[in-house]
Amino acid sequence: MPTQRDYYEILGVERDSSSDDIKRAYRKRAMKFHPDRNPGDAEAEEKFKEAAEAYQILSDDEKRRMYDQYGHQGVNQNMGGRGFGSFEEIFSAFGDIFGSAGQGGGSIFDEFFGFGGGRQAGAQRRRGASLKCEISISLPEAAQGTKRTIQVTRAENCGTCHGSGAAAGTSPSVCPYCHGMRQVQQSQGFFSIRTTCPRCRGEGEVIETPCKKCRGAGREKANREITVEIPPGVETGTQLRITGEGEPGPRGGPRGDLYVFVVVEPHSVFERQADDLLLEVPVGFAKLTLGTSIDIPTLDGKAELQIPKGTKSHRVFRLRGKGMPRLRGSGAGDLLVRTVADTPKKLTKRQEQLLKELAEIEDKNVSAEQKSFLDKMKDLFGS
Ligand SMILES: [Zn+2]
Ligand SMILES: [Zn+2]
């Protein structure tokens, strides 16, 4: 191992510098030696990595204390303080200090990644794949909101190697071919082309001794129970995203998401129209004519509906706020009750007798509406 330079010296700060000073010094150096600004410059690359390593130790109170006390030995042995293999590791470890941090304003991080291009994809560990599943619920459940526990078969990090894919006591090493860059540069005349490293297939790391359990894959299939909260107001086609419950990313990358597609089963009496519910109620012709009150079902019980005298068939009564709650909004839709005149096919003798009598009276005592219609008929056909 070559002799290591003092971390404070690398960043150009005093031994008693504040953590803010250290952060500022590192940012300055990182920008100066950034690989996108110094393409192909091996010395700049070395300096960039060196600065990241120094910052990794000095930005962590515990590691800094160990370093102050025992030097490089202290952090190398006790803290697993190995150097950074790849730029991507550096970005994923300290990317946020380029962007936020408040001082200097603007996003320097964006500037970095807009610069030169091509690095963006590798800037972070790759996210795992998303998973999809479908949940069927009843209409009252959709109205109330509910919970469902679902079984998901997905990859989990291997219990033996904890996802690294490397056998116990070993760890993946930086790819010797691309030096962890994931890409290799080839020059052709004036052009230089970056291609995915053929040795590590773009992972930046290689596993020398694969874990026996997962044969180096770092993962194994497992069944997981996941409880899904379904908010009130969902409808068929509503998509719920459960962040971080998808497949794990390769080599310790973040998990993808789980997408839950909701199906709301049809209801025996309510027909849903967006946030409104439609209920069709058959009511006898006599009752519609005379007026009455009827019991109707609602989502949470029963309600009484007053039907005034002379109510026409297919009239719609609107019960405000008795429909479906609005998803992620306030309030609820309405319950629309459509009263439909019931004209029975089967009649008792008595019913038939009464209706015949009524029909005879109707002929003599014509309603205003029927009269108006008959007048129009006369206009059309003459007398
Ligand atoms: Zn394993
Ligand atoms: Zn490689």
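This is a predicted model: local features need pLDDT of at least 70, side-chain atom pairs count only at pLDDT 80 or more; totals for chains, interfaces and linings use all residues.
I will start with the charged pairs. Side chains of opposite charge can pair when their charged atoms come close. In this structure there are 24 salt bridges. I will go through a few of them.

Take R15 and D68. Their side chains form a salt bridge, with an N to O distance of 3.9 Å. The cut-off is 4 Å, so this pair counts.

Next, R154. Which residues does R154 bridge to? One partner is E156, at 2.7 Å from N to O. Another is E245, where the closest N and O atoms are also 2.7 Å apart. The pair with E245 spans 91 residues of sequence: E245 lies in the loop between β8 (239–242) and β9 (258–264), and R154 lies in strand β2, residues 146–157, so the bridge ties those parts together.

Now the accessibility around R154. The arginine itself has a relative accessible area of 5%, which means it is buried, because buried is set at under 20%. E156 is at 10% and is buried too. E245, at 24%, counts as partly exposed.

These bridges do not stand alone. Through shared partners, R154, E156, R224, E245 and R255 are joined into one network of salt bridges.

On to the sheet. The loop that holds E245 runs between β8 and β9, and both of these strands belong to an open sheet of 3 strands. What is the strand order? It is β1-β9-β8, with mixed pairing. The edge strands are β1, residues 131–137, and β8, each of which pairs on one side only. From one strand to the next, the twist averages 25 degrees.

Strands of a sheet pair through backbone hydrogen bonds, either parallel or antiparallel. In which sense do β8 and β9 pair? They are antiparallel, over 4 bridges. For a point to look at on screen, find Q239, which stands opposite F261 in β9.

Technical notes: Residues are numbered from 1 along each chain as its sequence is written. Chains are lettered from A and ligands numbered from 1 in the order in which they are written. Side-chain values use heavy atoms; hydrogens and water are left out. Buried means under 20% relative accessible area, exposed over 50%, partly exposed in between (1.4 Å probe, protein chains only). Helices (H or I, at least four residues) and strands (E, at least two) are DSSP runs, numbered from the N terminus. Two strands pair if DSSP finds at least two bridges between them. Axes are lines fitted to C-alpha atoms, for helices over the stretch in contact, and angles run from 0 to 180 degrees between N-to-C directions.
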